[in-house]
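This briefing is intended to be read alongside the sequence and the three-dimensional structure shown below.

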Amino acid sequence: MFDIDGTLVDSHGFDGDLFAHAVRLELGVQVDGTWQSYRHVTDSGVLEEVLQQNVSAGERPQAFERVKRRFVGLVQDYIAKRPAGLAPIPGAPQLIKALRSRPGAVVAIATGGWRETAEMKLKAVGIEFGGLPFATSSDATARIDIMRLAEQQARLFGRITRRTYFGDAPWDKKASADLGYDFLAVGTRVEHPRSFDDLSDQESVLSVLGV
């Protein structure tokens, strides 16, 4: 099971910046750019918390949709202005393709981003996700619930004996621990015994997964 931003797609920096910009434009408030102060570090979770702190209850549903629409538009514009497309995390498209061809392995996506932007980013880097178990912040607020939903979809492919989550952030590691998943860190944002700078060493990654 894979996160997207910073794990499959090199989008961690701009994605957070555009989210914060959308909130400023629509609500006129700042967000915590470290994301550490929020209970649920997902698009829906952060926005709901910001709205609770700054917008009256009756106005929150409309404000939520305004911010989401603005953010989706900003991401779409950002991608459109880059003819070469976004950069994948090195090795990510090849690893997903390899895993999908392995008997007994099921690939799933579980991201804290909304479905609309998640699909944009995967398409932009050439990662084929059609038919994969796929859960996002459009489906649930808490990351552990998003991961549970992706796992439920994965179970339709057969019996699951081991669950591994690839992520790049502290909240990915915590959610994996809460759910009893194995965790593999991608990048340098998380200290973890089993980590990879990127996904280019496919042989090593597959060896750790045992597939």
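**Briefing on the predicted model**

In β5, the residue Phe196 is the bridge partner of Val186. The structure is a predicted model, and this pairing belongs to an open sheet of 3 strands in the order β3-β4-β5.

**The parallel sheet**

- The pairing within the sheet is parallel, and its edge strands are β3 (164–167) and β5 (195–196), each of which pairs on one side only.
- Strand β4, comprising residues 182–186, pairs with β5 in the parallel sense over 2 bridges.
- Strands β3 and β4 also run parallel and are joined by 4 bridges; Phe166 has Leu184 in β4 as its bridge partner.
- In general, the strands of a sheet pair through backbone hydrogen bonds, in either a parallel or an antiparallel arrangement.
- Strand β4 is largely enclosed by the rest of the structure, because 4 of its 5 residues are buried.
- A right-handed β-α-β unit is made by β3, helix α7 (residues 170–179) and β4.

**The contact between α3 and α5**

- Helix α3 (residues 60–80) and helix α5 (residues 115–125) have axes that come within 10 Å and cross at roughly 10 degrees.
- This crossing angle falls under 35 degrees, and α3 therefore counts as roughly parallel to α5.
- On the α3 side, the contact is made by Lys68, Phe71, Val72, Val75, Gln76 and Ile79.
- On the α5 side, the contributing residues are Glu116, Thr117, Met120, Lys121 and Ala124.
- By residue class, the contact of α3 with α5 divides into 6 nonpolar, 2 polar and 3 charged residues.

**Trp35 in a loop**

- Trp35 is located in the loop between α1 (12–27) and α2 (43–54).
- The backbone of Trp35 has a positive phi of about 70 degrees, although this residue is not a glycine.

How values were computed:
Residues are numbered from 1 along each chain as its sequence is written. This is a predicted model: local features need pLDDT of at least 70, side-chain atom pairs count only at pLDDT 80 or more; totals for chains, interfaces and linings use all residues. Side-chain values use heavy atoms; hydrogens and water are left out. Two strands pair if DSSP finds at least two bridges between them. Buried means under 20% relative accessible area, exposed over 50%, partly exposed in between (1.4 Å probe, protein chains only). A crossover is right-handed if, with the strands pointing away from the viewer, the path from the first strand over the helix to the second runs clockwise. Axes are lines fitted to C-alpha atoms, for helices over the stretch in contact, and angles run from 0 to 180 degrees between N-to-C directions. Angles under 35 degrees count as roughly parallel, over 145 as roughly antiparallel, 65 to 115 as roughly perpendicular and the rest as oblique. Contact means heavy atoms within 4.5 Å. Ala, Val, Leu, Ile, Met, Phe, Trp, Tyr, Cys and Pro count as nonpolar, Asp, Glu, Lys and Arg as charged, and the others, Gly among them, as polar.
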